[in-house]
Amino acid sequence: MNYKISFQERAKSSMEQISKQPPVTLEEARAQVEWLKNNSVSFDKKKRV
């Protein structure tokens, strides 16, 4: 990875990569959130006191 890249160049590169991805519907996004909530370990770690 090229670390001597400006923030603007990095943002442009990221936007190009995002534009190549297929669009996500609202229902698919909600399903992803639910999956993460159910399968994420970090939620359990935060509950410890």
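**View 1. Glu27 at the surface of the predicted model.** In this predicted model, Glu27 has a relative accessible area of 55%. Glu27 counts as exposed because this value lies over the 50% cut-off.

**View 2. The salt bridge between Arg30 and Glu27.** The closest N and O atoms of Arg30 and Glu27 are 3.6 Å apart. The pair counts as a salt bridge because 3.6 Å falls within the 4 Å limit. The count of salt bridges comes to one.

**View 3. Helix H2, residues 26-39.** Both Glu27 and Arg30 belong to helix H2. Three residues, or about one turn of the helix, separate them. An α-helix has 3.6 residues a turn, so residues three or four places apart point the same way.

**View 4. Helix H1, residues 7-20.** The end C-alpha atoms of H1 are 20 Å apart. Confidence in the protein chain is highest in helix H1, at a mean of 94.

**View 5. Helix H3, residues 42-47.** Helix H3 has the lowest confidence in the protein chain, with a mean of 59. Where pLDDT is low, the predicted coordinates should not be read in detail.

**View 6. The protein chain as a whole.** Three helices and zero strands make up the secondary structure, in the order α-α-α along the sequence. The chain has 49 residues, of which 0% count as buried. Its accessible surface is about 5300 Å², with 58% belonging to carbon and sulfur atoms. The average pLDDT is 85, and 80% of the residues score at least 70.

Technical notes. Residues are numbered from 1 along each chain as its sequence is written. This is a predicted model: local features need pLDDT of at least 70, side-chain atom pairs count only at pLDDT 80 or more; totals for chains, interfaces and linings use all residues. Side-chain values use heavy atoms; hydrogens and water are left out. A salt bridge is a side-chain nitrogen of Lys or Arg within 4 Å of a carboxyl oxygen of Asp or Glu. Helices (H or I, at least four residues) and strands (E, at least two) are DSSP runs, numbered from the N terminus. Buried means under 20% relative accessible area, exposed over 50%, partly exposed in between (1.4 Å probe, protein chains only). pLDDT is the predictor's confidence in each residue, from 0 to 100. Accessible areas come from the Shrake-Rupley method with a 1.4 Å probe; for residues, only the protein chains shown count as cover. The expected span of a helix is 1.5 Å times one less than its number of residues.
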